[in-house]
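Subject: Handing over a structure

Dear colleague,

I am passing on the structure below, and my notes on what was found in it follow directly after.

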Amino acid sequence: MKKLLAWPLTFALAAGSLAACGPKEEEGGKEAGKEADKPKQLTIWEDKEKGIGTQDAIKAFEKKYGIKVKLEEKPMLDQQEKLRLDGRSGKGPDIITTPHDRVGPLALEGLIAPIKVSDETKKLYTESSINALTYDGNLYGLPKSTETPVFVYNKALMEKAPETLDELKGDKFGAEYSYLANWTDFYFAHGVLSGMGGYVFKDDNGTLDPSDVGLANDGGVEGLDYITSWYKEGLFPKGIIGKDAGQTIDALFTTKKAASVMNGPWSFQPYKDAGIDIGVAPLPKLPNGEYVKTFIGVKGYFVSSYSKNQEWATKLVEFITNEENSKVRFEKTAEIPPVVKLMEDPIIADNEAAKAVAIQSERGVPMPNIPEMAEVWTPAANALQLSATGKSDAQKALEGAVKQINQNIETNHKKK
Amino acid sequence: MTYQKKAMLLSVIPGLGQIFNKQWLKGSLFLLLAASYFIVFFNTLNMGLWGIVTLGEVPFRDHSVFLLVEGIIALIIIAIGLGFYAFNLYDASQNGKKRDQGIALNTLREQYLTVVDKGFPYLMVGPGFFLLIFVVIFPILFMILLAFTNYDLYHSPPAKLVEWVGIQNFIDIFALDLWRETFISVFAWTIIWTFSATTLQVAIGIFLAVVVNQKDLKFKGLIRTLLILPWAVPAFVSILIFSGLFNESFGAINMQILASLGIDSIEWMTDPFYSKIALIFIQSWLGFPFVMAMTTGVLQSIPEELYEAATVDGASTFDKFKAITLPMILFATAPILITQYTFNFNNFNVIYLFNAGGPPVAGQNAGGTDILISWIYSLTMTSSQYSKAAAITVLLSIVIVTVALYNFRKTKSFKDEGTI
């Protein structure tokens with residue numbers, strides 16, 4: 001009997017002593033309004049093999065402010081995962097490089113901090129690129145480069161890029177396929193759907209509304225019908241449906257079986273390496289006379305919320321993305337900076353490929369950066385595939401996708 | 001009061017009982033160990049226990065996931081400490097009992113010899129076991145505990161805190177339509193997949209082994225080598241090549257093989273039914289060599305006399321196979337065959353590399369060929385549903401563990417060793 005009583009007593013004692021434990025409050029907060037002390041060193045994580053474009057700017061910054069800057073190259077998509085662990089342990093960087101569609105999740109997790117820059121600084125960059133780096137009304141970084149799919153053609157088969165996509169339906173240009181696009185991948189297909197009037201999330205003056213998905217509106221359905229027509233008329237082979245489509249398209253283009261393709265700037269060098277004399281142009285117009293509104297991707301520099309010198313880190317971000325340093329970076333890495341003045345600079349205006357990407361970027365829309373976007377890719381791609389294979393008509397497929405996107409957002413993105 | 005009771009009571013503070021028993025060195029060693037335990041681990045235990053109960057109170061200062069980790073470590077340390085404490089009490093009481101009975105206690109030298117002699121196996125197993133706690137038990141505990149939290153994108157540290165939610169995740173899986181429907185259909189296909197693919201690969205393996213083992217067959221070595229090749233090529237390479245072969249408009253299977261037979265192209269990648277057929281075929285191809293190699297080994301050890309006796313009794317070839325060969329094979333290999341089933345139940349590679357769980361099925365959260373494990377993967381990677389994925393993993397583990405336990409209990413080879 002005694003033993004029976006002893007146990008609850010022991011637990012009660014243990015619980016009582018537990019109440020007193022835990023971390024002790026750290027004393028004192030930051031004093032506001034004081035100019036931040038100069039740190040000895042700032043660390044910046046740059047994308048793999050792109051450090052060469054930032055080196056000179058960093059040297060100039062070190063000279064001007066007397067702060068040492070450590071440049072480390074890390075694969076861009078790994079940086080988020082690394083920051084999670086290194087940031088907490090204090091070994092993390094002050095600045096990271098990341099594509100803009102990660103901004104929402106990163107900001108939600110609290111891994112990156114909002115930055116304060118003047119309106120003049122913001123005006124240096126195209127509006128769409130600044131929008132891409134803004135989440136929930138706060139600007140989180142400054143743009144480094146922009147990219148979007150364009151029209152790539154084989155100059156040996158096609159003299160110049162056509163005006164409209166329909167021109168490509170009639171002529172084969174001496175190849176098996178006049179034109180190929182990975183239109184069962186929503187990243188590429190979005191341009192057609194939204195060019196016709198569909199949209200992913202309603203854009204409410206720069207804020208995206210995840211409760212309003214517009215893929216199944218009249219424009220979206222018309223867009224998917226147009227995409228499906230390419231498969232139905234046998235212009236696109238069935239083998240470019242699904243997960244291996246991208247590789248198959250690359251193979252068909254480099255073996256000269258396709259005269260032109262829709263692809264992004266990352267593909268230019270591999271195509272040239274394969275011995276194709278490529279021409280690059282903005283995408284031809286849709287049958288309704290509108291431009292293809294491709295997704296724009298913006299890479300940017302962001303300040304880690306673990307950084308102890310956020311003000312100086314912001315200064316460094318501003319410095320390396322200013323007009324002069326962006327120009328140097330373009331020369332070294334060929335990644336196009338969305339700096340307004342550079343777009344008209346001969347260095348870009350006279351470069352066929354860069355100009356095509358720059359023009360197409362102005363016609364596109366930034367890929368949504370809110371976390372709800374993660375729920376769009378698979379259902380949207382499924383709808384594209386169901387319609388392209390003729391298993392379902394466009395209207396039904398898209399309505400099903402929107403229903404599923406809404407359902408997924410509701411279950412996976414409950415905000416509390 | 002007997003010595004036994006006194007010694008045990010004194011050992012409430014570790015070591016005192018031993019000192020009371022006049023085992024000075026052992027006693028002071030225990031006392032020292034206990035003292036250092038509290039000095040060294042005080043902070044870890046303090047933070048860890050507070051952390052695992054609250055999972056943090058202030059965002060940014062407290063990181064819930066790290067606190068959970070520290071909490072689990074604290075629990076493990078407490079378990080080790082309690083084990084030591086229990087041993088200390090037991091030791092004091094046993095030696096007290098000896099004094100009560102007037103038996104002389106072990107001298108220092110004898111104590112040392114006992115430890116080295118009787119404790120030797122434990123000393124050897126010790127380091128490995130200790131490592132096991134951190135590389136096996138620790139992650140499992142972490143995963144199980146995660147299933148009872150609300151850890152997802154919107155409750156991600158450092159900006160937010162993770163909270164305990166009890167069995168809410170399990171309730172959601174069965175109560176919300178989207179989750180329940182997907183779970184049931186994925187689970188059903190997982191079972192069908194496991195049984196059909198594994199049974200087929202086992203049947204083919206045994207059949208080929210028996211055929212190749214026929215006495216009058218020439219070039220046995222060559223034939224065996226050829227048959228074992230699918231095993232020699234890394235599976236993920238074979239799967240990627242198969243995925244190319246099955247491509248609907250360029251793949252060799254539709255373009256060359258079926259076309260030459262005058263059969264229309266089959267939608268291997270975009271029709272769920274044919275995708276499933278293709279997957280079962282690929283897995284059989286990948287899996288049969290292992291079963292065949294194993295069966296061949298068993299066949300060599302079946303005594304020839306059995307067959308001779310059967311021949312004398314007038315048994316046909318099929319009778320011999322049914323009554324001698326097959327029982328012998330299954331008896332010897334059953335435990336390994338069952339692990340083949342559990343392996344396929346969790347065979348992520350072939351599902352993911354062939355078609356990434358596709359093709360899509362309208363009105364469902366997972367693809368047409370997604371099995372539980374590949375579904376969990378996409379849940380974690382695309383939707384950051386960490387706690388839900390952990391909950392489904394717990395459900396999945398229940399199945400695997402049940403099968404494994406049943407398997408080990410039924411198998412004689414594991415039983416005999418249990419009684420040392």
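Among the contacts in chain A that join residues at least 6 apart in sequence, 75% are between residues at least 24 apart. Please keep in mind throughout that this is a predicted model. Of the 416 residues of chain A, 49% count as buried, and the secondary structure of this chain comes to 18 helices and 14 strands. Taken along the principal axes, the C-alpha atoms of chain A fill a box of roughly 90 × 70 × 40 Å.

The domain assignment of chain A gives two stretches of sequence to each domain: domain 1 covers 41-146 + 297-366, and domain 2 covers 150-295 + 369-412. The C-alpha centres of domain 1 and domain 2 of chain A lie 28 Å apart, and where these domains meet, 20 residues of domain 1 are in contact with 17 residues of domain 2. On the domain 1 side of this contact, at least two residues each are supplied by α4, α6 (127-132), β5 (134-135) and α16 (352-363) of chain A, and it is α16(A) that gives the most, with 7 residues. By class, the residues on that side of domain 1 of chain A divide into 10 nonpolar, 7 polar and 3 charged.

Turning to the contact between the chains, 34 residues of chain A are in contact with 31 residues of chain B. The elements of chain A that give two or more residues to the side touching chain B are α4 (103-109), α17 (377-388) and α18 (394-412). The residues of chain A on this side divide into 10 nonpolar, 15 polar and 9 charged.

Helix α14 (residues 317-345) and helix α17 (residues 386-410) of chain B pack at an angle of about 175 degrees, with their axes 10 Å apart. Since angles over 145 degrees count as roughly antiparallel, α14(B) and α17(B) are therefore roughly antiparallel to each other. In this packing, B:P335, B:I338, B:T342 and B:F345 in α14(B) meet B:I400, B:V403, B:A404 and B:N407 in α17(B). The contact of α14(B) with α17(B) has 6 nonpolar and 2 polar residues, and no charged residues.

With best wishes

Methods:
Residues are numbered from 1 along each chain as its sequence is written. Chains are lettered from A and ligands numbered from 1 in the order in which they are written. This is a predicted model: local features need pLDDT of at least 70, side-chain atom pairs count only at pLDDT 80 or more; totals for chains, interfaces and linings use all residues. Axes are lines fitted to C-alpha atoms, for helices over the stretch in contact, and angles run from 0 to 180 degrees between N-to-C directions. Helices (H or I, at least four residues) and strands (E, at least two) are DSSP runs, numbered from the N terminus. Angles under 35 degrees count as roughly parallel, over 145 as roughly antiparallel, 65 to 115 as roughly perpendicular and the rest as oblique. Two residues are in contact if their C-beta atoms, placed from the backbone, lie within 7 Å. Ala, Val, Leu, Ile, Met, Phe, Trp, Tyr, Cys and Pro count as nonpolar, Asp, Glu, Lys and Arg as charged, and the others, Gly among them, as polar. A residue is buried if 20 or more other C-beta atoms lie within 10 Å of its own, exposed if 12 or fewer, and partly exposed in between; C-beta atoms are placed from the backbone. Domain bounds come from an automatic or database domain assignment.
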